Amino acid sequence: MSSKVPPLTLPLRIAMIGSGAVSRHHFPAFRDRPGVIRLSAICEKNPQAASAFAAQFPYPVPIFGELDDLLEKAQVDAALVVLPHNLHFPVASKLVAEGIPVLVEKPLTCSLEEARALKKLSSETGVQIVAVRTGFVKDDQGSLWRPAFNLHRSSSPLLRGPDHVW
Ligand SMILES: NC(=O)c1ccc[n+]([C@@H]2O[C@H](COP(=O)([O-])OP(=O)(O)OC[C@H]3O[C@@H](n4cnc5c(N)ncnc54)[C@H](O)[C@@H]3O)[C@@H](O)[C@H]2O)c1
């Protein structure tokens, strides 16, 4: 089956779904690789949390309270799911079904059945899902993501950027 993932140009436009405590661990990746990734939107129920996170960036970041609204209006190449556990499966499923590769904070899902359903959806669509515990993927400089994404580079269309920084 062919992938729904469109050709990508840098910087990748990343949506942050949930901007609570753990989201801050992703900030250094954006700060350190501005030519590679750009925060293109935040989906967050708590406007104060979203505004505080967005305020760290040197460019305006659109904030949405509903995922459907973000999907309709924002430009997104990939998404970070940093939500309470019970929302990982429904939100990741929706994103993947929309053709958007996702990085989901641990745990991937709340049950094996949900994990299997996500794997099936990923296989059927060709859209990548990565589960990660950010605390375990710091590189020597303290930046996040690089090791986790390296593990998946060979198979992920998301990671085949021109300079392979991830
Ligand atoms: N990577 C790590 O090392 C690590 C460590 C701890 C926790 N986690 C995982 O990260 C995830 C997030 O944890 P956290 O501590 O940041 O939680 P948090 O409660 O601080 O943040 C979650 C955010 O999601 C928002 N939210 C809730 N429902 C929403 C919805 N329907 N739409 C949009 N936003 C919504 C909340 O308002 C909140 O700001 C959890 O699954 C947790 O297990 C990862």
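This is a predicted model: local features need pLDDT of at least 70, side-chain atom pairs count only at pLDDT 80 or more; totals for chains, interfaces and linings use all residues.
Two residues are in contact here when heavy atoms of theirs lie within 4.5 Å.

Ser-93 counts as buried because its relative accessible area is 15%, and the cut-off for buried is under 20%. Its side chain has a polar atom 2.7 Å from the backbone oxygen of Phe-89.

Helix α4 is also part of a right-handed β-α-β unit, together with β4 and β5.

| Partner of β4 | Bridges | Facing residues |
|---|---|---|
| β1 (residues 12-17) | four bridges | Ile-14 and Ala-78 |
| β5 (residues 102-105) | three bridges | Val-104 and Val-81 |

In a regular strand, side chains alternate between the two faces of the sheet. For β4 (residues 78-81), both faces are covered: Ala-78 and Leu-80 are buried on one side, Ala-79 and Val-81 on the other.

Zooming out, the chain has six helices and six strands, and they run β-α-β-α-β-α-β-α-β-α-β-α along the sequence. How many of the 166 residues count as buried? That share is 46%. Among contacts with a separation of 6 or more, 60% link residues 24 or more positions apart. As for the surface, the chain exposes about 8,500 Å², and 55% of that comes from carbon and sulfur atoms.

Terms used:
Residues are numbered from 1 along each chain as its sequence is written. Side-chain values use heavy atoms; hydrogens and water are left out. Helices (H or I, at least four residues) and strands (E, at least two) are DSSP runs, numbered from the N terminus. Buried means under 20% relative accessible area, exposed over 50%, partly exposed in between (1.4 Å probe, protein chains only). Accessible areas come from the Shrake-Rupley method with a 1.4 Å probe; for residues, only the protein chains shown count as cover. A polar contact is a pair of N or O atoms within 3.5 Å; within protein, one must be able to donate a hydrogen and the other to accept it, and residues adjacent in sequence count only if both atoms are side-chain atoms. Two strands pair if DSSP finds at least two bridges between them. A crossover is right-handed if, with the strands pointing away from the viewer, the path from the first strand over the helix to the second runs clockwise.
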